[in-house]
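These notes record what I looked up in the structure, entry by entry.

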Amino acid sequence: MPLSSIILKGQEDKSSYKNQEAYLDSLWRKEIIWNLGVAKITGEPIKDLSTIEAPKWAKWNYDLEEYFVSQMKYPAHLLRKNQAGYSVAMFSLDTLGLPRRINILTSIHKDFDKEVIRLIRDLPHCLPCRDKNGKRIECLYTVYVPFLPQRYRDRIITDSIAEEELKHCFVEWEEQASLQDGNPHAVQNYIYSKLRHNSDLLYKRQKQVRGVYSISIDSYGEVTGTKTLQSCGIQEWDSQVEKIIKGMPRWTPTINHYGKGEYQRSLYTVSVWLKNRNSHTMMRILP
């Protein structure tokens with residue numbers, strides 16, 4: 001009997017099922033001839049991933065197989081038969097990080113393929129692939145999706161237990177946008193490292209002034225705008241801070257971890273202190 005059409009028998013216990021599934025899964029993975037993960041839009045493998053920024057999803061990072069396994073709805077008639085299988089799918093990711101052109105490379109059962117196609121279409125956008133210069137580029141992505149009935153049943157039970165537990169817990173789903181690996185002082189440090197101000201513009205009795213500024217960050221981590229919420233009292237300095245903010249490097253955008261996980265737009269507010277002293281730069285805030 002071909003491995004691709006094996007139906008697990010219903011006489012064994014769960015541990016035996018899982019052992020059979022693990023064995024089948026290991027054999028199928030050895031059969032895979034396609035390069036999994038990201039590739040050039042031409043289909044050529046990227047041998048050195050350090051030369052690009054690979055596409056990245058909010059919750060699943062670079063392991064899309066986990067997304068498919070955790071979100072799939074097993075075809076009911078195949079689940080009743082304990083039929084195991086897999087699909088290998090390739091799709092393109094455009095410069096917005098959205099899936100396009102879906103192709104099934106290995107077809108075990110058309111209903112497995114339909115579910116994989118549905119899940120690809122339901123993917124939230126990712127941070128798109130970028131070349132070494134940071135320019136967005138289109139790419140291909142190939143993923144192996146195993147369909148293992150006992151593992152699916154176990155997942156459904158685990159999910160229902162977790163859902164019930166969540167009803168009695170307070171969970172913070174949202175992770176705020178961050179700059180430079182989440183250093184809480186990174187935003188102010190960046191502004192201070194670029195800021196040049198003439199303290200003679202301050203009144204003699206003033207030791208320092210504060211400005212408050214908003215930063216608009218899109219779901220790709222790019223700064224799309226800024227606004228002075230509270231002026232420091234010197235328009236020249238407000239304008240300089242706004243210009244620095246507009247030139248900021250990309251952020252890690254806000255992440256909503258609920259469900260499939262999504263990158264979201266956000267608004268960040270930062271306070272900037274300008275001091276009355278002879279130095280033309282502000283002191284860096286240490287972590």
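Entry 1, a term. Before counting what each helix supplies, I noted that helices are DSSP runs of H or I with at least four residues, numbered from the N terminus. I also noted that the model is predicted.

I then asked which helix gives the most to the lining of the largest pocket. It is α5, with 6 residues. Helices α2 and α5 (149–166) each supply at least two residues of that lining. By class, I recorded 4 nonpolar, 4 polar and 5 charged residues in the lining.

Entry 3, the second largest pocket. Its volume is about 380 Å³. I listed 21 lining residues for this pocket, with E53, K56, L127, W251 and T252 nearest its centre. The lining divides into 12 nonpolar, 3 polar and 6 charged residues.

I noted 7 helices and 10 strands. Of the 287 residues in the protein, 43% are buried. I also looked at contacts between residues at least 6 apart in sequence, and 75% of these join residues at least 24 apart.

I followed an open sheet of 4 strands, whose order is β1-β4-β2-β3 and whose pairing is antiparallel. Which strands stand at the edges? They are β1 (37–40) and β3 (99–107); each has a single partner strand, so one side of each is left without a neighbour in the sheet. Neighbouring strands of the sheet are turned by 25° against each other on average, with direction ignored.

I traced strand β2, residues 85–93, which pairs with β3 in the antiparallel sense over 7 bridges. Within this region I found S87 opposite S107 in β3. Helix α2, residues 64–71, packs on the sheet and touches β2 and β4 (139–147). The direction of α2 makes about 45° with that of β4. I recalled here that α2 also supplies at least two residues of the lining of the largest pocket.

I located S214 in strand β6, residues 208–217. Is S214 buried or exposed? Its relative accessible area is 6%, and buried means under 20%, so S214 is buried. Leaving aside neighbours within four places in sequence, I found S214 in contact with G225, T226, K227, L229, L267, Y268 and T269.

I located V187 in helix α6, residues 186–194. V187 has 4% relative accessibility and therefore counts as buried. Residues up to four places away in sequence were not counted when I listed what V187 touches: L179, I215, M248, W251, Y268 and V270. How far is the C-alpha atom of V187 from that of T269? The two atoms are separated by 9.8 Å, while the residues are 82 apart along the chain.

Key
Residues are numbered from 1 along each chain as its sequence is written. This is a predicted model: local features need pLDDT of at least 70, side-chain atom pairs count only at pLDDT 80 or more; totals for chains, interfaces and linings use all residues. Side-chain values use heavy atoms; hydrogens and water are left out. Two strands pair if DSSP finds at least two bridges between them. Axes are lines fitted to C-alpha atoms, for helices over the stretch in contact, and angles run from 0 to 180 degrees between N-to-C directions. Contact means heavy atoms within 4.5 Å. Buried means under 20% relative accessible area, exposed over 50%, partly exposed in between (1.4 Å probe, protein chains only). Ala, Val, Leu, Ile, Met, Phe, Trp, Tyr, Cys and Pro count as nonpolar, Asp, Glu, Lys and Arg as charged, and the others, Gly among them, as polar. On a 1 Å grid over the protein atoms alone, a cavity is a set of points where a 1.4 Å probe fits but cannot get out, and a pocket is an open set with protein on both sides within 12 Å along at least five of seven lines; lining residues have an atom within 4 Å of a point. Grid points are joined across faces, edges and corners, and a volume is the space filled by probe spheres set on the points.
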